[in-house]
Protein chains: 2
Amino acid sequence: MYYVGIDLGGTNIAAGILDESLKIVKKGSVPTGNTRHYSDIIKDMAMLVIQLLKETGISKNEVDSIGIGCPGTCDRENGVLLYTNNIKFDDVPMRLEMQKYLPLQVYLENDANCAALGESMAGAARDVSDSITITLGTGIGGGIILNNKIYIGFNGMAGEIGHIVLNKQGESCTCGRKGCWEAYASATALIKQTRNAAQKYPESLVNTLVNGNLNKIDAKTAFDAMRQGDSIGTSIVNEYIAYLGEGVSDLINIFQPSRIVIGGGISKEGDTILVPLREIARKSTYFGEGDVPHTQIVGAELGNDAGIVGAAMLWRGQQV
Amino acid sequence: MYYVGIDLGGTNIAAGILDESLKIVKKGSVPTGNTRHYSDIIKDMAMLVIQLLKETGISKNEVDSIGIGCPGTCDRENGVLLYTNNIKFDDVPMRLEMQKYLPLQVYLENDANCAALGESMAGAARDVSDSITITLGTGIGGGIILNNKIYIGFNGMAGEIGHIVLNKQGESCTCGRKGCWEAYASATALIKQTRNAAQKYPESLVNTLVNGNLNKIDAKTAFDAMRQGDSIGTSIVNEYIAYLGEGVSDLINIFQPSRIVIGGGISKEGDTILVPLREIARKSTYFGEGDVPHTQIVGAELGNDAGIVGAAMLWRGQQV
């Protein structure tokens, strides 16, 4: 039996076919063309899957189900994408539309949850049954995995871990609150912090590295400056990791998960982030006096494939 | 069949016998005498249970199990109380010691978790399977209930919800971090806030109500002053509830539980706390654009009995 996972993004649609060992046997992608009507976009999703099946010689009968990871809010039961930010989808009957082309069971899930399920099933947390994957991107996406399933809460909306407040009177967040973790530790926040520093310290390397063009600053700039010994770059990175660590410590105090997986582009910094993060968590988490094992903090392993793998595993159901 | 629950506190030992409808058919308490040797304290716990059984005419054979809620860290598997703050217990073999007097299955659990299980099984969350009970006392105790079981994490230490940071550079917390929720929204914190205000505004009613004796200030003082129209009392209470609401909103964003139950002495303020708390949560929690049901925020119902009831239900096991 095979499992199909689709990761619907604002820019690209990625899809993959997994075998029973959760290995991607074939994957591909096409542009989303996100201004088009949903029926055209979903048709392209289906055609991509059909093409992959053709190339691998796998028949539809050998496919157990199709899972779709979507940026936004899903009605899982009815297979409807209620709302998404990056594509103009509003109450889109994804399941019905897909089944026009592929008469299979179709599951929908939020994309951050899919990435977490992917890492949990086949990535950095594959050997444990409970983990939290934190995706550092435009925001902080999160997925909580308990008993090898996505924890969704009673109303299906759980896991908005980017929206916990670290500074009650702090930075404004897109959610309307002030001081959310996401406003300090997302890639967007890091870029903003780097730009502010570049403006404030024009002589610093963070400015030189982009030839004074602040629009060229990305989530790597401060790390690059730090690696070249720049004190401003170092202090941006340290402050960023301090906030990242604060939120990670909160999650450990609440969940004590076997593993916390750090994903998203910034996670490519690897030990540069992970080593200080572990040190912060060791100091800031609460273990009483007992000699108990501590949560491991690791980098994501599947990169962009995590969404495909997790989507393909949606047939496993959710944890409430 | 009957179930015995014991709540071991620093001051008193309370015990109760529950029937199958989870009603306490008989309860009683004796002083802990917390400076004594553990064998004497545990003997008194057993004698209290034996006395209650005698008074109700229930034989040991009719008792399924004994659960003990302890302030501190337990080794559930081996029935050992590893550490507790209020009593000088250190690696105490509670189960073995109890079984000297009552040869029954004996379960151990943290007392805040027991209170949460009690409210979940027979109190304010008895009609839902997932809830978080927040006990506002010396600290902020918490218990997370999923699938009608206490969620304990992979190492048994989960649920330290008082130790999530709301102000990264804020008030020092007993756990070593700065700005923990507990440092702002526990009863201890409220008393401290009231004392500070009484010192700063000696003409305010919070001062008059205790005849200028700051040691007489308790968690009710600011509420009493507010009810008499005092502006200082009102602002203490508003600020306190704002912090309480911030942490509650964080928990909703993470868990989306069916219900959040507010317990501890302060919860007796009822709607004075609950109404603004619901308003804060409504504004601060993240629901996307979907029309989904929201977490209900309610007061605890079982008061001090919650610990007994939860302890008696420990035979149900935990959720990891």
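This is a predicted model: local features need pLDDT of at least 70, side-chain atom pairs count only at pLDDT 80 or more; totals for chains, interfaces and linings use all residues.
**Strand S1 of chain A**

Strand S1(A) spans residues 2–8, and six of its seven residues are buried, so the strand is largely enclosed by the rest of the structure. Two strands of chain A pair with S1(A), as set out below.

| Partner of S1(A) | Residues | Sense | Bridges | One bridge pair |
|---|---|---|---|---|
| S2(A) | 12–18 | antiparallel | six | Tyr3(A) with Leu18(A) |
| S4(A) | 63–70 | parallel | six | Ile6(A) with Ile68(A) |

**Helix H5 of chain B**

Helix H5(B) comprises the 14 residues 187–200. From its first C-alpha to its last it reaches 20 Å, close to the 20 Å expected at 1.5 Å a residue. Its buried residues are Ala187(B), Ala189(B), Leu190(B), Gln193(B), Thr194(B), Ala197(B) and Ala198(B). These buried residues pack against one strand of chain B, S9 (131–136), and against helices H4 (182–185), H6 (205–208), H7 (221–227) and H8 (231–255) of chain B.

**Contacts between chains A and B**

In the model, 38 residues of chain A are in contact with 38 residues of chain B. On the chain A side, the elements that give two or more residues are strand S6 (80–83) and helix H8 (231–255). H8(A) supplies the largest share, five residues. By class, this side of chain A consists of 18 nonpolar, 13 polar and seven charged residues.

Key: Residues are numbered from 1 along each chain as its sequence is written. Chains are lettered from A and ligands numbered from 1 in the order in which they are written. Helices (H or I, at least four residues) and strands (E, at least two) are DSSP runs, numbered from the N terminus. The expected span of a helix is 1.5 Å times one less than its number of residues. A residue is buried if 20 or more other C-beta atoms lie within 10 Å of its own, exposed if 12 or fewer, and partly exposed in between; C-beta atoms are placed from the backbone. Two residues are in contact if their C-beta atoms, placed from the backbone, lie within 7 Å. Two strands pair if DSSP finds at least two bridges between them. Ala, Val, Leu, Ile, Met, Phe, Trp, Tyr, Cys and Pro count as nonpolar, Asp, Glu, Lys and Arg as charged, and the others, Gly among them, as polar.
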